[in-house]
Amino acid sequence: MVKKIVRKEALEDGSSGKDENLEKPKKNTSKELYWVFGTMIGLIIIFLVSYSIFQNMKKIDYEGLKFTKEMFGEIPLFHYSYIGRVKTITGNVVSEQNKKIDLYLRNDPRENNVPIEGNIEFPEGKRIYIGIGDKGVVGCKYSIIGLATLSSFLTQNGLSVKAGSLEEEDAKKNNLEHITCEKYPNNAVILIDEGAFTRVKKTGSNCYLIDANNCETLPAIEKFIVKAVLDAKKRAVQNGQYNEKVTLE
């Protein structure tokens with residue numbers, strides 16, 4: 001009798017008398033998981049594509065040289081590296097080794113419009129002399145950086161470098177080497193001084209003039225360096241050594 005009364009009351013309430021929680025249909029979780037994984041994969045693809053585009057934006061091509069734009073703090077630098085064939089002399093023994101050369105520029109080589117005339121090549125086994133003039137160099141903000149970049153570039157390539165003064169009186173006064181192209185005709189000589197306009201010009205078989213106007217020493221020196229690398233690579237191609245290591249001599 002008790003069961004019948006309970007059943008009757010349940011029917012009068014409009015309920016079935018069964019546990020409704022047990023009879024609720026289960027949600028289709030497979031579709032939810034499908035959308036979650038699909039969204040995650042989509043986000044990963046977007047991230048990878050964006051990263052690839054961002055990385056490619058850092059790549060800079062200048063006449064076949066692949067530069068990468070990097071940040072040193074807040075200072076943008078343009079990095080290029082190559083394998084150089086560096087010669088070393090121990091006593092009377094000359095040996096050659098492969099060495100990675102890292103070049104860092106402050107100016108985008110694509111936007112460096114300093115005019116340059118003549119090909120750059122250094123006599124093999126000869127010291128390079130750098131003559132520095134006071135005008136256009138001393139007191140200019142980035143001249144020291146330019147000179148340091150040039151010196152580092154040459155020595156990394158295994159070349160011997162000696163710096164001095166263009167002016168004879170200044171050389172005597174400060175106990176420096178007086179450097180002119182006439183004084184060292186068999187050596188490569190790089191003269192850096194103020195000019196009516198900024199340019200790089202080969203004025204003799206081994207003489208190079210870097211004129212800087214309005215303190216543009218740094219871009220002029222960087223133009224000289226990049227041209228030296230390009231000319232070295234061209235010589236390698238002409239000698240059938242396209243895949244060989246680069247040498248500036």
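Which residue does a disulfide join to Cys 140? I found Cys 215, with S to S at 2.0 Å; the model is a predicted one. I noted -65 degrees about the S-S bond, a left-handed link. Cys 140 sits in the loop between strand 6 and helix 3, and Cys 215 in the loop between strand 10 and helix 5, so the pair ties together parts that are 75 residues apart in sequence. On accessibility, I have Cys 140 as buried at 9% and Cys 215 as partly exposed at 40%.

Next I checked the count: the structure holds 2 disulfides. The other entry in my list is Cys 181 with Cys 207, sulfur atoms 1.8 Å apart. Here I read 60 degrees about the S-S bond, a right-handed link. Cys 181 lies in the loop between helix 4 and strand 8, while Cys 207 is in strand 10, so this pair ties together parts 26 residues apart in sequence. Both cysteines, Cys 181 and Cys 207, are buried. Along the chain, I wrote the pattern down as 1-4, 2-3.

I followed strand 8 to strand 10: they run parallel, joined by 6 bridges. Leu 191 stands opposite Leu 209 there.

Last entry, helix 5: 18 of its 22 residues are buried, so the rest of the structure largely encloses it. Just after helix 5, I marked Gly 240 for its positive phi of about 70 degrees.

Technical notes:
Residues are numbered from 1 along each chain as its sequence is written. This is a predicted model: local features need pLDDT of at least 70, side-chain atom pairs count only at pLDDT 80 or more; totals for chains, interfaces and linings use all residues. Side-chain values use heavy atoms; hydrogens and water are left out. Buried means under 20% relative accessible area, exposed over 50%, partly exposed in between (1.4 Å probe, protein chains only). Helices (H or I, at least four residues) and strands (E, at least two) are DSSP runs, numbered from the N terminus. Two strands pair if DSSP finds at least two bridges between them. A disulfide is a pair of cysteine sulfur atoms within 2.5 Å.
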